[in-house]
Every structure is written in structure tokens, then in C-alpha cells.
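Me: I would like to learn how to read a protein model step by step. Could you take me through the one we are about to look at?

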Amino acid sequence: MIQAIGLTGALGDQGPAVDDLTFQASPGQVTVLFGGPGAGKTHAVRLMLRLARGRGTTLFRGRPL
């Protein structure tokens, strides 16, 4: 299970790319980040993997990365 809780992150001066994103991806189910170009999908994944600076927590099987 993956739990993303309150992910928030900005790209430079442009304001938040992701603002308070919270979701849960259960095992055995498909979870999709859906949106147009520039919607923040890639930035959300980078926040989850701590490749980008921001706030929030992501738990993988109940533990942080």
C-alpha cells in the first residue's frame, strides 16, 4: 500500500505545482495520476520519492521511504 498525505511542492516562483495531495493506492489495484500537461503528475511522484523539496509524507507499506 502507498499512502501520500498532504504532499505540497512548488516549482521555483510559479507557485504550488502540487497542493495538499492525499491519496491511497491499495495493493492489487491500479491507481492513476491523471491530468493535462503541467498538472503536477511528475512533480507529485518526485515529492513521493523525495527527489523534490516539499512538505507531506509518503508511506510505502506503512513506512517512510
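**Reading the fold**

Reply: From the N terminus on, the elements run β-β-α-β-β, where helices (H or I, at least four residues) and strands (E, at least two) are DSSP runs, numbered from the N terminus. This is a predicted model, in which local features need pLDDT of at least 70 and side-chain atom pairs count only at pLDDT 80 or more, while totals for chains, interfaces and linings use all residues. Residues are numbered from 1 along each chain as its sequence is written, and side-chain values use heavy atoms, with hydrogens and water left out.

Me: How many helices and strands does the protein have?

Reply: The protein has one helix and four strands.

Me: How does the radius of gyration of the protein agree with that of a compact globule?

Reply: The radius of gyration is taken over C-alpha atoms, and the globule rule is 2.2 Å times the number of residues to the power 0.38. For 65 residues a compact globule would have a value near 11 Å, and the protein has 12 Å, which agrees. Along its principal axes, the C-alpha trace spans about 35 × 25 × 15 Å.

Me: What share of the residues counts as buried?

Reply: A residue is called buried under 20% relative accessible area, exposed over 50%, and partly exposed in between (1.4 Å probe, protein chains only). Of the 65 residues of the protein, 23% count as buried.

Me: Which residues make up the largest nonpolar core?

Reply: In soluble globular proteins, nonpolar side chains tend to be buried together. A nonpolar core is a set of buried Ala, Val, Leu, Ile, Met, Phe, Trp, Tyr and Cys residues joined through side-chain atoms within 4.5 Å. Here the largest one has eight residues, namely Ala4, Leu7, Val18, Phe23, Ala25, Ala44, Leu47 and Met48. Strand 1 (2-10), strand 2 (16-25) and helix 1 (41-48) each supply at least two residues of this core.

Me: Which residues does Leu47 touch, not counting residues up to four places away in sequence?

Reply: Contact means heavy atoms within 4.5 Å. With residues up to four places away in sequence not counted, Leu47 touches Leu7, Thr8, Gly9, Val18, Ala52, Arg53 and Gly54. For the protein as a whole, residues 24 or more positions apart account for 43% of the contacts with a separation of 6 or more.

Me: Why does Gly9 count as buried?

Reply: Gly9 counts as buried because its relative accessibility is 5%. Gly9 has its place in strand 1, and, leaving aside neighbours within four places in sequence, Gly9 is in contact with Pro16, Ala17, Val18, His43, Leu47, Arg53 and Gly54. Apart from neighbours within four places in sequence, His43 is in contact with Gly9, Ala10, Leu11, Ala17, Val18 and Ala52.

Me: Where is Thr58, and is Thr58 buried or exposed?

Reply: Thr58 is in strand 3 (residues 55-60), and at 7% relative accessibility Thr58 counts as buried. When residues up to four places away in sequence are not counted, Thr58 touches Ile2, Gln3, Ala4, Leu7, Met48, Arg63, Pro64 and Leu65.

Me: Which residues other than glycine have a positive phi, such as a value near 60° or near 55°?

Reply: Two cases can be read here. Asp20 has a phi near 60°, lies in strand 2, and is exposed, with a relative accessible area of 54%. Arg61 has a phi near 55°, sits in the loop between strand 3 and strand 4 (63-64), and counts as exposed at 76% relative accessibility.

Me: Which element gives the most to the lining of the largest pocket?

Reply: On a 1 Å grid over the protein atoms alone, a pocket is an open set of points where a 1.4 Å probe fits, with protein on both sides within 12 Å along at least five of seven lines, and lining residues have an atom within 4 Å of a point. Helix 1 gives the most to the lining of the largest pocket, with four residues. The whole lining is made by Leu11, Pro16, Ala17, Gly36, Gly38, Ala39, Gly40, Lys41, Thr42, His43 and Arg46.
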